[in-house]
Amino acid sequence: MNWQFTPYTLWLAGTGVFLVLFAGYVWRSDSDQAFRGRYLATALLLAAAAYNFAYLLTLSHTVLDTKLSLNHIELVMLLPLVWTWLAYVQWYTRRDTNPSRRLVRVSGIISVGLIGMVLTNPIHQLVYQSATLQQTGAFVALNLVVGPGFRLYQAYVYLLLLGSVALLTTAIIQTRGVIRRQAVSLLALSLVPGIAGGADILGLTPYTALNLAALSSVISAAAIVVTVRRFQWLDLAPVSRDHLFDAVADPIVAIMHSITYWIQTLNSMRSY
C-alpha cells in the first residue's frame with residue numbers, strides 16, 4: 001500500500017475543505033467588497049486550499065519518486081498563493097497604481113520562471129540535489145538536500161511576503177478603528193505561516209522533514225473565522241487614501257517606510 005495516515009492527515013484535509021467552502025461563501029456573499037476584492041479573496045482562498053492539498057498528498061504518499069513529484073507540485077502551488085496575497089493586499093491598501101500594477105506583472109513573470117525551474121529540476125538539479133525517505137515517528141517523510149535554486153525560490157517568496165507586510169504595517173500605522181483592526185487581522189494571516197516557514201528555514205525546529213508553513217495553515221483558517229466574526233473581513237473596503245501616505249506608491253517604498261518607522265520606534269524605546 002503506497003499511502004499512509006499521519007497525525008496531520010485530518011488536520012490538513014479539514015483545513016483544505018474549509019478553505020474551499022469558505023471561498024465559495026466569499027464569492028456568493030452579498031458583501032461590501034468591490035468585485036475585484038471579492039475575486040481576489042476567492043482566488044486567494046482557493047490557492048491556499050490547493051497548496052494545502054498538495055502538501056497533504058506529498059505527506060501521505062510513501063513511494064519516493066511519487067512523493068518527490070508531489071512535492072514539486074506543492075512548491076509550484078506556493079507562488080500563486082503568495083502572489084495572490086500580495087495582489088489582494090495591494091487592492092485593500094489602495095496601491096492599485098500603474099507602478100504597482102507593473103510590479104505585480106513583473107512578479108508574475110518571475111513566478112512563471114521559477115515554476116519552470118522547479119519543473120525542470122531533474123535536468124539541472126538546482127532546486128533539489130537529492131531526496132530520501134526519513135522515518136518520522138510512525139510515518140515516512142521526504143528529506144531533501146536543496147540547491148541554490150531552492151534558496152532563490154525561498155528568498156523570492158519572502159520578498160513578496162515582506163512587501164505585503166510592509167503595506168499592511170503602513171495601513172495599521174495610519175488608520176484607526178475598524179480599518180486598523182481589519183489590517184491587523186490580515187497581517188496576522190500572513191505572519192503565522194511566514195514565521196513558521198522562517199523557523200524551518202533557519203533550522204530552529206527539530207521537524208526538518210515537515211513543512212511547518214503548510215501545517216500552520218489551520219491556524220490561519222481559525223484566524224479567518226475570527227476575522228469574519230469579529231472584524232467584518234467580508235466587509236473589507238479598500239483603505240481610503242486619506243488614511244495613508246500618498247507618497248507611498250508601491251510595496252518597495254512601503255518596505256522602506258516601515259523599516260524606518262520601526263527603527264525610530266526602537267531608538268525611542270532605547271532612550272527611556
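Two strands count as paired if DSSP finds at least two bridges between them. In this predicted model, β1 and β2 meet that test, with 8 bridges joining them. The two strands form a hairpin with 2 residues between them. The protein has 10 helices and 2 strands in total. Buried residues account for 48% of its 272 residues.

**Overall layout**

- Along the sequence the elements run α-α-α-α-α-β-β-α-α-α-α-α.
- Of the contacts between residues at least 6 apart in sequence, 74% link residues at least 24 apart.
- The accessible surface is about 13,700 Å². Carbon and sulfur atoms contribute 67% of that surface.

**The hairpin**

- Strand β2 covers residues 139–146 and runs antiparallel to β1.
- Strand β1 covers residues 128–136.
- Tyr128 has Val146 in β2 as its bridge partner.
- Thr136 stands opposite Phe139 of β2.
- Gly137 belongs to this hairpin and has a positive phi near 70 degrees.

**Aromatic pairs**

- A search of the whole structure gives 6 aromatic pairs.
- One of them is Phe18 with Phe22, a stacked pair.
- An α-helix has 3.6 residues a turn, so residues three or four places apart point the same way.
- Phe18 is partly exposed, at 25% relative accessibility. Phe22 is buried, because its relative accessible area of 8% falls under the 20% cut-off.
- The Tyr128 and Phe150 pair is tilted, with centres 5.7 Å apart and planes at 40 degrees.
- Tyr128 is in strand β1 and Phe150 is in helix α6 (residues 148–174), so this pair ties together parts 22 residues apart in sequence.
- Tyr128 and Phe150 are both buried.
- Tyr8, Trp11 and Phe139 make up one aromatic cluster.
- Trp27 has a charge over its ring: the charged end of Arg38 sits 5.2 Å from the ring centre.

- The buried residues of α1 include Thr9, Leu12, Thr15 and Gly16. Leu19, Phe22, Ala23 and Val26 are buried in α1 too.
- Helix α3 spans residues 64–92 and has 29 residues. The helix reaches 42 Å between its first and last C-alpha atoms, close to the 42 Å expected at 1.5 Å a residue.
- Arg94 follows α3 and has a positive phi, near 60 degrees.

**Leu46 in helix α2**

- Leu46 lies in helix α2, residues 35–60.
- Leu46 is partly exposed, at 40% relative accessibility.
- Leaving aside residues up to four places away in sequence, Leu46 touches Val20 and Ala23. Ala23 is one of the buried residues of α1.
- Leu46 and Leu81 are 35 residues apart in sequence, with their C-alpha atoms 8.5 Å apart in space.

**Gln154 in helix α6**

- Gln154 lies in helix α6, the helix that also holds Phe150.
- Gln154 is buried, with a relative accessible area of 15%.
- Gln154 and Gly197 are 43 residues apart along the chain, and 9.5 Å separates their C-alpha atoms.

**Gln125 and its phi**

- Most residues other than glycine have a negative phi.
- Gln125 is not a glycine, yet its phi is positive, at about 55 degrees.
- Gln125 sits in the loop between α5 (121–124) and β1.
- Gln125 is partly exposed, with a relative accessible area of 42%.

Terms used. Residues are numbered from 1 along each chain as its sequence is written. This is a predicted model: local features need pLDDT of at least 70, side-chain atom pairs count only at pLDDT 80 or more; totals for chains, interfaces and linings use all residues. Side-chain values use heavy atoms; hydrogens and water are left out. Rings of Phe, Tyr and Trp (its six-membered ring) pair if their centres lie within 6.5 Å; planes under 30 degrees apart count as stacked, over 60 as edge-to-face and the rest as tilted. Buried means under 20% relative accessible area, exposed over 50%, partly exposed in between (1.4 Å probe, protein chains only). Helices (H or I, at least four residues) and strands (E, at least two) are DSSP runs, numbered from the N terminus. A charge sits over a ring if NZ of Lys or CZ of Arg is within 6 Å of the ring centre and within 35 degrees of the ring normal. Contact means heavy atoms within 4.5 Å. Accessible areas come from the Shrake-Rupley method with a 1.4 Å probe; for residues, only the protein chains shown count as cover. The expected span of a helix is 1.5 Å times one less than its number of residues.
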